[in-house]
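Student: I'd like a close look at a single part of this one, please.

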Amino acid sequence: MLERILKLEEVKDESLFLWGSRQTGKSTLLKMLFPEATVYDLLKSDVRMSLQLRPALLREECELLDEGELVIIDEVQKVPALLDEVHWLIENKGLKFILSGSSARKLRRSGANLLGGRALRKTLFPLVSAEIPDFDLNRALNHGMLPHHYLMNNPTMRIQSYIGDYLQQEIVEEAIVRRLDSFTRFLQVAALSSSEIVNYTNIARDCGISSKTVKEYFSILEETMLGFYLPSYTKVIKRRVIQSPKFYYFDVAIPNHLLHRVPLQQGTDIYGHALEHLVIQELRAYLSYRHPDKTLSYWHTLDNKYEVDAVIGQAKVAIEVKSSKNISPSDTKGIKAFGEEYPDAKLYLLSMEERPRKLNNIEVWPVEQFLKRLWNNKVI
């Protein structure tokens, strides 16, 4: 069994919401970390139905527990009314809760009690390179980083099923959209735009729907944790910058399989996009697990001359990703321009070169070696 970096040690003092996309391994992690906890698994239909009919049953059963004991409610979004009972039990019995789920959308839309700051928010991401012995970069790019997908020899059917389950369970069952065909088409067009600056008008034209509907669809992807926005770094020193965000699916395998791009071939533009996507995925998880106070963004000048794939914090670290095996001066233009704008920034250019080197004030690192340094806390 793979050991995950997220340990949830905060539950000693605080209750927690644990969010994560489907199949990231939330239930497995909770069983491993807290084998003695009282568990309510709302994926079990009998458990879910009894609590839907009588949410007070949770309070009645948990009143028998001692102060400080831990209760886990898995897939809590399926019975939002339970949160009122959780609130009471935290306040009056001193119990600790971990409330896990794959989507906060239903809770927010139902007006559920989100506990008013009584529970910290934690997120479990797909696997990261530091959690995998003998990490294989090409396998990660082609299989993605969901545990079952990465470990399978051929996950194509499983990934297709994953996307189908998402459409069926998150979209159809909750009647989130009126027309599933237009939303399915949107998923494919959004895959073409993954890791790109979002242009709602162009996407709306390609999907045959309004820009307003496109914005709603992106909101659905974000709220159901299938995708996320990467904001633009907008602090302007000299050069004016683009303000619009980029969009990424939460796992690199999703856009590749929506567009039937696998297996990826090194040296192609598609491979380069996937490599960038994976690095962003790792940086996002790293900052959430180790430095939740630091932001992640990208930098792109308004004249389209210069771009940097990732900026950490207030221009403390800038990272550009290239899939080339031989970095040339033309590959450094964006990261060099960022360094001129922010001279105190640490500059990294990631590539497929075999050995690290320094090019003026830019550190050029093989991607896998950089990821090892990242998780060993040698980048930030």
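Student: How much space lies in the second largest pocket?

Tutor: About 560 Å³. Before going further, keep in mind that this is a predicted model, where local features need pLDDT of at least 70 and side-chain atom pairs count only at pLDDT 80 or more, while totals for chains, interfaces and linings use all residues. Residues are numbered from 1 along each chain as its sequence is written, and side-chain values use heavy atoms, with hydrogens and water left out.

A pocket here is an open set of points on a 1 Å grid over the protein atoms alone, where a 1.4 Å probe fits and protein lies on both sides within 12 Å along at least five of seven lines; a lining residue has an atom within 4 Å of a point. Points are joined across faces, edges and corners, and the volume is the space filled by probe spheres set on them.

Helix α1 (26–33) gives the most, five residues, while α7 (147–151) and α8 (156–172) each supply at least two. Those helices are DSSP runs of H or I, at least four residues long, numbered from the N terminus.

For context, the largest pocket has a volume of about 720 Å³ and 30 lining residues.
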